[in-house]
Amino acid sequence: MFLDSVKNYSRVIKRIIPLFVGRSECFCSARKYDLYESSRILSEYMKMGRVNDADKLFEKMPEKNVVIWSIMVHGYSKNGLHKKSVECFHSMRNIGLLPNSFTIVGVLVGVSELRDLILGQSNHGLIVKLGWEDNSFVGTSLLEVYAKCGNISDCTKIFENLKSQGLVPWNVMISACVHNELFEEAFLLFNRSQKSGLFPDSMTALALIQSCVAMESKCLCESVHAMVVKFGLVSYVQVNNSLLFLYSNLMVLPAAWEIFDTMEEKDVISWSTVMSLLVHLEYASDAIKLFFHMRDSGNEYDKLILMNLISACGTLGNLKMGKSVHAQVITHGFGSDLPLLNTMITMYARCEDLDSSKTIFYRSKLKSMVSWTSIISGLLHNGRPREALDMFIRVRIEENIITDSVVLVSALTAVSEMVALELCMQLHCHTVKVGLTNYTSIQNCLISTYSKCGDVELANNVFMQMVSLRDIVSWNAIINGYGINGHGETALSLFYEFRKSGGIPDSATYLSILSACSHSGLFSDGLLIFSQIIEENRIRVSAEHYSCVANLIARAGYLPDVSKFKDGEGKAIWRAILNGCVHHGDLRLAEFAAKKFDELIQKDSGQLVLLSNLYASVGRFQDAEALRLSMGTEKLIKDPGFSILTGNL
């Protein structure tokens, strides 16, 4: 009976157990499904940037395995929360979970962006301990950590020890060299990658283009451009934009325009880069045309586009369009953007609307050094050197802003226009005090300012102390300085010294030396230099050059052959000839020139006064009076004289 009961019980148990086992498997299966579904949703949240939703879901999850933690670590890194990624990784380690390769890659992304070398080395130790050092993904991420932390030696060791060297590690290593300013090494690595049979991709091209920008090598730029075309990388907008930026840096408009014109897809960066180049090269009208073309093509524009447009309006002096763009700036919500406000300050000043320029400046809640420089330059542009200097003093004392080289150059320019030697010396002392003596632009401006203030010896002292800082502007400034102070022989000697040292004169150099020869009566030397300009045919001879030569010839008592000069240069040449006639008291030559340029004379009150004085000096008072009366009839008023040495009217 007992045995029968046991047997019956056993039969019942055998029937019940499978039911419970099956149900248990169902429960386990449901639990696994929930965990999988939760991890999938968690991953989607992170991919969409919904970090807060991911955090809430993560906190509610009763069970978290290594996959869940890895999604969080990796997700934080990808969403720019690098510190939180590292903290999450440490929390995972503290509860005893071992990371997988996905977790490690995630935390290494965070460490690389934090630029924390010690943290990187600590994680490197963990990688070796867990045996992940041979994993190509982990190795590549570790490369990036050392690269961004500036440890190029360890970066190289890891790279050389990687067993699987696909294109990605090569790109990381090339980018590491670029990041650490080892530009030549970046190209050597690229050559090695090609020998290994690897073809470059867009990331390779971007790194190499960045090297070209830093090296400023046109030849190298063209080689990389050819490589981009050869491997079919011109379809990438980013690559094309980088090439545009490269050619813009080199100021090579034809190449930049060719790339831009052939781009199948253009974004706002493409348009703004070409516009910036056109504005910088002072093709302002073309920049404005490009803007209208962009707008008509249905492209949206950003504040950089508007900034370029404002600069173009300033260059052209187009106040009406400038105001229209100003309205667009406000409409698009950029009214408080400081760089845009600074550009508008400059634009209004160049359009000679100084009141609007000042209004924007004073209403700006925030002011940078650029803001002050813009208003000071604007005052100078509108002939207000005293106000410009007062503004400089205010920024230095009242606003307590550290002056930079640009604003100091503006202050020195104001002093040169005021011809205030003592102020120039004070600014020179200030330059030494604030440690800006190594700026070539400041030294060049000091040479020019001292020269205009009549102290060429102090100008020469600055020039002699520059030594390695000298550039062509320095030579031009000192040559011009001696020239305007009547030391033509010294200016000539400096010119030949410059040429002997391997210097190549530019348009300004020739203008300075021709002017020096003209003022000092160095007739033969001036004509010899001018003949060299014509023979070399290296610079474009402008009206100013012709004017200097005409003045030189006229001062020597000869009438220049005006037929050899180009149209549009008549006024400058007439002024030079008439000055020469006055210098020599040659009335016959003056009258001949007056008849030749009768139309131009009637438009220039200063030249009429010169001719009138010449008539009076030889006793022809009736002719002198007739010219003076004609000025009254034509309502011409002579500008008052201004002494360059005393600054007095």
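Which helices each supply at least two residues of the lining of the largest pocket? The legends below answer this and describe other close-up views of a predicted model.

**View 1. Lining of the largest pocket, with α15, α17, α19 and α21.** Each of these helices, α15, α17 (303-316), α19 (338-350) and α21 (369-381), gives at least two residues to the lining. The pocket holds about 590 Å³ of space. It is lined by 23 residues, and V279, S311, T343, T346 and R350 are the closest to its centre. Helix α19 contributes the largest share of this lining, with seven residues. Sorted by class, the lining of the largest pocket consists of 14 polar, seven nonpolar and two charged residues.

**View 2. The second largest pocket, with a volume of about 420 Å³.** Its lining has 19 residues, of which N171, S175, M203, A207 and Q210 are the closest to the centre. Two or more lining residues come from each of α7 (136-148), α9 (167-179), α11 (202-215) and α13 (237-249). The largest share of the lining of the second largest pocket belongs to α9, which provides seven residues. In this lining, 11 residues are nonpolar, five are polar and three are charged.

**View 3. The largest cavity, with about 30 Å³ of space.** The structure contains one cavity of 30 Å³ or more. Its lining is made up of L167, W170, N171, I174, F190, S193, L198, F199, P200 and T204. Helices α9 and α10 (183-195) are the elements that supply two or more of these residues. With four residues, α9 has the largest share of the cavity lining. Seven of the lining residues are nonpolar and three are polar, while none is charged.

**View 4. Packing of helix α14 (residues 253-262) against helix α15 (residues 268-280).** Two packed helices are described by the angle between their axes and by the distance between the axes. Here the angle is about 160° and the axes lie 11 Å apart. Because of this angle, α14 is roughly antiparallel to α15; the cut-off for that term is an angle over 145 degrees. The crossing of α14 and α15 is left-handed.

**View 5. Residues in the contact of α14 with α15.** From α14, the residues are L253, A256, W257 and F260. Their partners in α15 are S270, W271, V274, L277 and L278. This contact comprises eight nonpolar residues and one polar residue, with no charged ones.

How values were computed:
Residues are numbered from 1 along each chain as its sequence is written. This is a predicted model: local features need pLDDT of at least 70, side-chain atom pairs count only at pLDDT 80 or more; totals for chains, interfaces and linings use all residues. Side-chain values use heavy atoms; hydrogens and water are left out. Axes are lines fitted to C-alpha atoms, for helices over the stretch in contact, and angles run from 0 to 180 degrees between N-to-C directions. Angles under 35 degrees count as roughly parallel, over 145 as roughly antiparallel, 65 to 115 as roughly perpendicular and the rest as oblique. A crossing is left-handed if the near helix is turned anticlockwise from the far one by less than a right angle, and right-handed if clockwise. Contact means heavy atoms within 4.5 Å. Ala, Val, Leu, Ile, Met, Phe, Trp, Tyr, Cys and Pro count as nonpolar, Asp, Glu, Lys and Arg as charged, and the others, Gly among them, as polar. On a 1 Å grid over the protein atoms alone, a cavity is a set of points where a 1.4 Å probe fits but cannot get out, and a pocket is an open set with protein on both sides within 12 Å along at least five of seven lines; lining residues have an atom within 4 Å of a point. Grid points are joined across faces, edges and corners, and a volume is the space filled by probe spheres set on the points.
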